[in-house]
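Good morning, colleagues. Please look at the model on the screen while I take you through a few of its features.

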Amino acid sequence: MISDVLIIGAGGAGLSAAIAAKEEGLHVRVLTKEYPTRSQTCMAQGGINAALGNHGEDSVDAHIANTLKSAHGEADENAVTFMCEEAPSAIAWLDSIGVPFSRTPEGKIAQRTLGGASAARACYAQDYTGLKILHTLYDKALSLGVEMVADKFLLELLKNSDDAVCGAKVLDIRTGELQTYFAKSVILASGGYSRIYGHYSTNSKTSTGDGIAVAMGVGAKLKGMEFVQFHPTGLKKSSILISESARGEGGYVLNSKGERFTNELAPRDELSRAIDAEIKKGEDVFIDIRHLGEQFIDENLPQERKLAKLYENVDPVSELIPIKPVAHYTMGGIEVDNKSKTSVEGLFACGECANHRVHGANRLGGNSLLEIVVFGKEAGKSAAKRAKELPMLNTSIEEQSHIIEELDSWSNEISFYEVQKNLAELFYTKVGIVRRKSELLEVQQELEKIQSQLPQMGVTDTNRVYNTNLIEFLEFCNMLQVAQSVVTSALQREQSCGAHFVVGE
Ligand SMILES: Cc1cc2nc3c(=O)[nH]c(=O)nc-3n(C[C@H](O)[C@H](O)[C@H](O)COP(=O)(O)OP(=O)(O)OC[C@H]3O[C@@H](n4cnc5c(N)ncnc54)[C@H](O)[C@@H]3O)c2cc1C
């Protein structure tokens, strides 16, 4: 099965890339392990940034300055400038293909203020922004004739005798078969790795860093893996996100005494540390949106009300919402240049699995949806350019073996589910908001131990059809590999920087 451009992942990044590549007149195929419209992008709530100035003054320069400040010197100014300059046309494009943005009474796209922004800059569709964007992109991609194939799990990338990536090996989840897809250009758009933190994460179960682990397998360079963003306002019991839109619309952060102890619109790294310190003092922490009133909440924050009722059993119209900071976004990923090229020939990456150097050590709310559209399209164009220039695809590959072929000889005396749960606990407490070198070393040793025990942690279900036990095991293996890279990078960076905050030894 050969295509011009093969994309792994159908979130906002993968679909933006697919549309851009398809518009170049090529055959574009998208493979994804889950149904495209369920990709994590659909969970994004608060908004997507662009300096439109629809609610008071704003400018592209201010957007650039806010992004660079929040990044703590770790972003690339050219990449940030490009993204912020492209933002207004990205919104105009999304609007033109049918994203139902909320509107001001005058009919302009409505905007709200998110943390670290000097203006109301986040365009939104109530608090369902990601869902509306993803579904619109999906419709657009289908209408253009992009081939969309769900239930394919990426196992490894294939390299040919020119040392270039020329395709991917996948597991067909429906049948259990191993399959090979060839392409002139391959784009990874497989999302981030926050699920290493297990239930201490706002992320979908599928954010297991698969694409990053697979890219490591072909020698792709990674960057900034230590930078994991904690969102200040996950629901206390479930870690489900209460979006920044709640604070953006005027919500307060309170402790058990009812005191506002912090600046609610500070960047996420600062606010998470302030809340973490309060919790460590023995306080409970809450978001309070009662003063906004029922009508305003139902019009602008309907999802937040629903989530608080469903998962915390409180109605924010009359009650406080209990919260805690949880892992939310991974700034690190596959190193790419401004054209989304990785360090490996033929391989491109975009979205949360990539590091386009626009978020640095701390991402601004609303900048990820922007990045996946702007750089997703760039990745699609770059991959299409390579595919057009490549005269013939060299498919001479050496057979590689993958864990999956060895599994039959593995035992399952140790439950990987238990190990995964303990690892999440360890990451939350020791590779979390505040880090210590001695604790990072402890986690590193634990990871080495788990790695050596892997052959005793095989699957218990040997069925081939829709084997979720197998998929979860493969995801666990990927997380284990990515986790080692996070800890190694964290140990290499001895000074605090943004989301990587180090104290003592
Ligand atoms: C609750 C929540 C709210 C958020 N709110 C906002 C917001 O308001 N504004 C903002 O800017 N950002 C927000 N974000 C962040 C933003 O939504 C994400 O960073 C962004 O959507 C990531 O998009 P993506 O396309 O890179 O990845 P995803 O949307 O995660 O898509 C990844 C794709 O890769 C596929 N995939 C993964 N592994 C494999 C594999 N092994 N084989 C095959 N396919 C695979 C998946 O099936 C999926 O299709 C939020 C995040 C969360 C969790």
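Predicted model: local features only at pLDDT ≥ 70, side-chain atom pairs only at ≥ 80, totals over all residues.

Residues are numbered from 1 along each chain as its sequence is written, and side-chain values use heavy atoms, with hydrogens and water left out.

I begin with the salt bridges. By salt bridge I mean a side-chain nitrogen of Lys or Arg within 4 Å of a carboxyl oxygen of Asp or Glu. How many salt bridges does the structure hold? The total is 33.

Consider Glu 156 and Lys 169, whose side chains form a salt bridge with an N to O distance of 3.2 Å. Glu 156 belongs to strand S7 (residues 152–159) and Lys 169 to strand S8 (residues 165–172), so this pair ties together parts 13 residues apart in sequence. Helices (H or I, at least four residues) and strands (E, at least two) are DSSP runs, numbered from the N terminus. Both Glu 156 and Lys 169 are buried. Here buried means under 20% relative accessible area, exposed means over 50%, and partly exposed lies in between, with a 1.4 Å probe and protein chains only.

Another salt bridge joins Glu 472 to Lys 205, with the closest N and O atoms 3.5 Å apart. This pair links distant parts of the chain, 267 residues apart: Glu 472 is in helix H14 (residues 468–492), while Lys 205 is in the loop between strand S9 (178–188) and helix H5 (210–217). Glu 472 is partly exposed, at 23% relative accessible area, and Lys 205 is exposed, at 55%.

Lys 281 and Glu 278 also meet through their side chains, at 3.1 Å from N to O.

Three strands form an open sheet in the order S3-S5-S4, with antiparallel pairing. Strand S3 (48–49) and strand S4 (111–112) are the edge strands, each pairing on one side only. Two strands count as paired if DSSP finds at least two bridges between them; S4 and strand S5 (residues 122–123) have two bridges, in the antiparallel sense. Across this pairing, Gln 111 stands opposite Cys 123 in S5.

Cys 123 brings me to the cysteines. With a disulfide taken as a pair of cysteine sulfur atoms within 2.5 Å, the count is zero. Cys 123 is buried, at 0% relative accessible area. For Cys 477, the closest cysteine sulfur is in Cys 353, 19 Å away and also too far; Cys 477 is buried at 9% relative accessibility.

Finally, Leu 347 lies in strand S16 (residues 347–349) and is buried, at 1% relative accessibility. Leaving aside residues up to four places away in sequence, its contacts (heavy atoms within 4.5 Å) include Leu 157, Val 165, Val 186 and Val 218. Leu 347 and Val 218 are 129 residues apart in sequence, yet their C-alpha atoms are 9.8 Å apart in space.
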